[in-house]
Amino acid sequence: MVSPAAEPTSGPAFAARVFERINEVRQARGLEPLEHDPRLEALALEHSLSMVEQGRPSHDGFQGRFARVPASKLCVENVAAGYTQPRPLVDGWQAAPAHRQNLFEPRVRWLGVASAGRYVTMFACS
């Protein structure tokens, strides 16, 4: 196990820990864990990189990302900026009503999480 001080604060390893934390809080509420989807992860990374370019968190282009997952009837997205640890990041999402609703949406099944710079995107679909 990696000590918290040595945990990455951005990039694929950080995103993987955020993914794990999302499933931990979902399972604590009696929900099924979400399954990794590389397509959704690619869309999440694309968006995180876009936020790096913009220099701000946003949901710009959400409908376009949703349209690129044609089999899905529902997609949800959470973004964050500036977090260096997975637990406070996911706790922050739980504290915001709209983000909380997305975390605990029972109809989503697939998840992609990506981090670039100081930005993180969670993109989950049914």
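A disulfide is taken here as a pair of cysteine sulfur atoms within 2.5 Å. In the predicted model described here, a search of the whole structure finds 1 disulfide, which joins C75 to C125 with a distance of 2.0 Å from S to S. The torsion about the S-S bond of C75 and C125 is about 105 degrees, and the disulfide is therefore right-handed. Because C75 belongs to strand β2 (residues 75-81) and C125 to strand β4 (residues 119-125), the pair ties together parts of the protein that are 50 residues apart in sequence. Both cysteines, C75 and C125, are buried.

S72 is placed in the loop between α3 (62-67) and β2, and, when neighbours within four places in sequence are left aside, S72 is in contact with F66, C125 and S126. The relative accessibility of S72 is 11%, and since buried means under 20%, S72 counts as buried. Between S72 and A124 there are 52 residues of separation in sequence, whereas their C-alpha atoms are 9.8 Å apart in space.

The fold in which these residues are set comprises 5 helices and 4 strands. Read from the N terminus on, the elements follow the order α-β-α-α-β-α-α-β-β. The radius of gyration of the protein is 13 Å, close to the 14 Å that the globule rule gives for 126 residues, so the protein is as compact as a globular protein of that length. Along the principal axes, the C-alpha trace spans about 40 × 35 × 25 Å.

Contacts across the sequence were examined for the protein as a whole. Among contacts between residues at least 6 apart in sequence, 67% join residues that are at least 24 apart. Of the 126 residues of the protein, 44% count as buried, and C75 and C125 are both buried residues.

The surface and the charges complete the description. The protein exposes about 6,600 Å², of which carbon and sulfur atoms supply 57%. The side chains include 14 that are positive and 13 that are negative, and the centres of these two sets lie 5 Å apart.

Key. Residues numbered from 1 in each chain as written. Predicted model: local features only at pLDDT ≥ 70, side-chain atom pairs only at ≥ 80, totals over all residues. Heavy atoms only, no water. Helix = DSSP H or I, 4+ residues; strand = E, 2+ residues; numbered from the N terminus. Rg over C-alpha atoms; globule rule 2.2 N^0.38 Å. Buried < 20%, exposed > 50% of the residue type's maximum accessible area, 1.4 Å probe, protein only. Contact = heavy atoms within 4.5 Å. Areas by Shrake-Rupley, 256 points an atom, 1.4 Å probe, with all protein chains shown as cover. Lys, Arg positive; Asp, Glu negative; His and termini not counted. Charge placed at Lys NZ, Arg CZ, Asp CG, Glu CD.
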